[in-house]
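Q: I am new to this structure and would like to be taken through its inner spaces and a few of its strands. Could we begin with the terms?

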Amino acid sequence: MLSSRIGILGGGQLGLMLLQAAVDWNLDIHVLDPDPEAPCRKIAPHFTQGSLQDFDTVYNFGKDLDVITIEIEKVNVEALEALEKEGKKIYPQPSVIRQIQDKRIQKQFYADKQLPTAEFILTENREDVANYVWFLPAFHKLGKDGYDGRGVQRLSSADELGKAFDKPGLLEKAVPFEKELAVIVARNANGQIETFPTVEMVFHPEHNLVEYLFAPAQISGEVNAKAQQIARKTAEAFQIVGLLAVELFLTPDGQVLINEVAPRPHNSGHHTIRANATSQYEQHWRAILNLPLGSTHAYGPSAMVNLLGEDGYQGPAVYEGMEKLLATPEVFPFLYWKAITKPFRKMGHITIMDSDIASLKAKADFVRNNIKVISHKTK
């Protein structure tokens, strides 16, 4: 299978890191992305510019390939289904992508499979949402096309119903939680499953992007066991081949609830490139090529800080503070080959390691405060 022609739908930073892992194995990778300046453009052996959502573009891209995967869910599933019928190996499977693309279907799947998640109500439009004032406070989520915090509105009272989306969506009960956790689980076609250690995520208060994470999560053994078990059960329920990132809420009374999932490499696993025996990116290749899954052993405590474009700057990216960063032991920057910075755009990430948790957190704070992505142009 290592000689197969392999396609990735999406050429962003996740595709870039998949490519970096593929180089070690001489994998023949083809990338499709609509952006002529996508991060993968300069290092992909084969790059095609084109829409990920157009049937003909996706079909024609995949028809001469053997294995096709994704780094983003917003792709034309009908084209992938047609390719699958012709014998192409599509991982994650089109049926799984279809279920996860629509948060309404995704949530109902958890309920049907008795996987723990917050209470929810399916809604058709803004007028329909108004029938459920009694259910507030809740988050109104678009069924389709929400991404990185877009497509989500918190509704606390009847006065805020005007913020609801006028499209099919769902109301999800706002549950109190102590921590946001994530577990990345890999499953190959033989059914072998491996999970990465549970991580703890901290989100940007305004933009709903992961700002930084710590691994392992500072939780009890009982909570960790629950999180790991839920991740495995979720992967088995989907029968997914590939990676599944399972985002979780830990409530004050010790419940672990599924927030949502992503069927691909994920922000919550960036640190694994240096911090674990097998990175999530190598593990993805192992899973979709039906190879033995690698050890997920962590070398020690680690953290990951997302490098976001500073507010107020838009233009050619300038990385301030790199000298201080590189002078700090066990701190590893990964930049995403994005020439232009914009406010809160993901421009890179920094993995931090330390044997001592207190020192690790101090390093994370130092990194967050001392490296900035700006531009000589302002917004």
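This is a predicted model: local features need pLDDT of at least 70, side-chain atom pairs count only at pLDDT 80 or more; totals for chains, interfaces and linings use all residues.

Q: Good. With that in mind, which element gives the most to the lining of the second largest pocket?
A: That is strand β16, with 4 residues. The strand covers residues 302-308, and α11 (357-370) is the other element that gives two or more residues to this lining.

Q: How much space lies in that second largest pocket?
A: The figure is about 270 Å³.

Q: And which residues lie nearest its centre?
A: E211, N306, E310, R368 and K372 do, out of 15 lining residues for the second largest pocket.

Q: How do the residues of that lining divide?
A: There are 6 nonpolar, 4 polar and 5 charged residues in the lining of the second largest pocket.

Q: Back to β16. Which strand does β16 pair with, and in what sense?
A: β16 pairs with β13 in the antiparallel sense, over 4 bridges. Within this pairing, M304 in β16 stands opposite L213.

Q: What else is joined to β13?
A: Strand β12, residues 199-203, is joined to β13 by 4 bridges, and these two also run antiparallel. Here V202 stands opposite Y212 in β13.

Q: Why is β13 described as largely enclosed?
A: The reason is that 6 of the 6 residues of β13, which spans residues 210-215, are buried, so the rest of the structure largely encloses this strand. Buried means under 20% relative accessible area.

Q: How do side chains sit in a regular strand?
A: In general, they alternate between the two faces of the sheet.

Q: Changing topic: how many cavities does a search of the whole structure find?
A: The search finds 2 cavities of 30 Å³ or more.

Q: What is the volume of the largest cavity, and which residues line it?
A: The largest cavity has a volume of about 50 Å³. Its lining is made up of A182, V183, I184, F196, P197, V199, S268, G269, H271, T272 and N276. Strand β10 (residues 179-187) supplies the largest share of that lining, 3 residues.

Q: How many charged residues are in the lining of the largest cavity?
A: There are no charged residues; the lining divides into 6 nonpolar and 5 polar.

Q: What about the second largest cavity: which residues line it?
A: The lining consists of K103, Q106, K107, Y110, K141, L170, E172, N259 and E260. Two or more of these come from each of α5 (103-112), β9 (169-173) and β15 (256-262). The largest share, 4 residues, belongs to α5. By type, the lining of the second largest cavity has 2 nonpolar, 2 polar and 5 charged residues, and about 50 Å³ of space lies in this cavity.

Q: Why does E194 count as partly exposed?
A: The relative accessibility of E194 is 27%, and therefore E194 counts as partly exposed. That class lies between the cut-offs of 20% for buried and 50% for exposed.

Q: What does E194 touch, leaving out residues up to four places away in sequence?
A: E194 touches I184, V185, A186, Q283, L293, G294 and T296. As for R274, its C-alpha atom is separated from that of E194 by 18 Å, with the two residues 80 apart along the chain.

Terms used: Residues are numbered from 1 along each chain as its sequence is written. Side-chain values use heavy atoms; hydrogens and water are left out. On a 1 Å grid over the protein atoms alone, a cavity is a set of points where a 1.4 Å probe fits but cannot get out, and a pocket is an open set with protein on both sides within 12 Å along at least five of seven lines; lining residues have an atom within 4 Å of a point. Grid points are joined across faces, edges and corners, and a volume is the space filled by probe spheres set on the points. Ala, Val, Leu, Ile, Met, Phe, Trp, Tyr, Cys and Pro count as nonpolar, Asp, Glu, Lys and Arg as charged, and the others, Gly among them, as polar. Buried means under 20% relative accessible area, exposed over 50%, partly exposed in between (1.4 Å probe, protein chains only). Contact means heavy atoms within 4.5 Å. Two strands pair if DSSP finds at least two bridges between them.
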